[in-house]
Amino acid sequence: MSMTPPPPPPAPAPNYGMSLANRASFSSRFLGQLLDGLLYGALHALFIVAGVAFIITASRDCIDKIDADANATCTETDLNGPLLMLGIAIIAVGVLLVLFLYMRALGRTGHTWGRKIANVKVVDQNTMQPLGFGRALGRSLFAYFISSAVCYLGYLWMLWDGQKQTWHDKVVGSTVINA
């Protein structure tokens, strides 16, 4: 006589029961996003300034030639190719570094520089743990390309959503809480 084991317990439901009072307000989320733009933008600006300085230096002979004769044209021999490429590379490295730092912070802790100041944190809606790098990247790409595409409707969605989630929160199963 064999007895069948009892069925496994049902999977836990999403943690929508978490108090909505602990979910971040639109103004807190907006402040965090604004501060992120300013702070990460300032870091990227350092790379842009350095890169542009190399590009201008690489173009100095061309600029001098045009200053001497307004009808003159520049050729590739008037440009310092290695300096020009270095300037472009510095700007590109700046973009990649800033994106990496942002995604790593968002994925590991849920805090980015601006969100930390605004006292909000992006977490998994079920576990309340950080998202990890891949989901943070997916969330950010969706926010950039889709949530902002139609008058930022995806961002504004949290204003009338019962769980205070944006489109990009819903897609990756995240929520933003007060930290």
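Trainee: In this predicted model, what makes the pairing of Asp-161 and Lys-170 a salt bridge?

Mentor: The closest N and O atoms of Asp-161 and Lys-170 are 2.9 Å apart. The cut-off for a Lys or Arg side-chain nitrogen and a carboxyl oxygen of Asp or Glu is 4 Å, so the pair counts as a salt bridge.

Trainee: Why is Asp-161 called buried?

Mentor: Its relative accessibility is 15%, and buried means under 20%, so Asp-161 counts as buried.

Trainee: Is Lys-170 buried, partly exposed or exposed, and how do you know?

Mentor: Lys-170 has 39% relative accessibility.

Trainee: What joins Arg-29, Arg-139 and Asp-169 into one network?

Mentor: Salt bridges that share partners do. Asp-169 meets Arg-29 at 2.7 Å, N to O. Asp-169 lies in helix H7 and Arg-29 in helix H1, so this pair ties together parts 140 residues apart in sequence. Asp-169 also forms a salt bridge with Arg-139, with the closest N and O atoms 2.8 Å apart. Arg-139 lies in helix H5, so that pair links parts 30 residues apart in sequence. Both Asp-169 and Arg-29 are buried, and Arg-139 is buried as well.

Trainee: Why does Ser-59 count as buried?

Mentor: Ser-59, in the loop between H1 and helix H2, has 15% relative accessibility. The limit is under 20%, so Ser-59 is buried.

Trainee: What does the side chain of Ser-59 reach?

Mentor: The side chain of Ser-59 reaches the backbone oxygen of Ile-55 at 2.8 Å. A polar contact needs N or O atoms within 3.5 Å, and this distance meets that cut-off.

Definitions and conventions. Residues numbered from 1 in each chain as written. Predicted model: local features only at pLDDT ≥ 70, side-chain atom pairs only at ≥ 80, totals over all residues. Heavy atoms only, no water. Helix = DSSP H or I, 4+ residues; strand = E, 2+ residues; numbered from the N terminus. Buried < 20%, exposed > 50% of the residue type's maximum accessible area, 1.4 Å probe, protein only. Polar contact = N/O pair within 3.5 Å; in protein donor to acceptor, adjacent residues only side chain to side chain.
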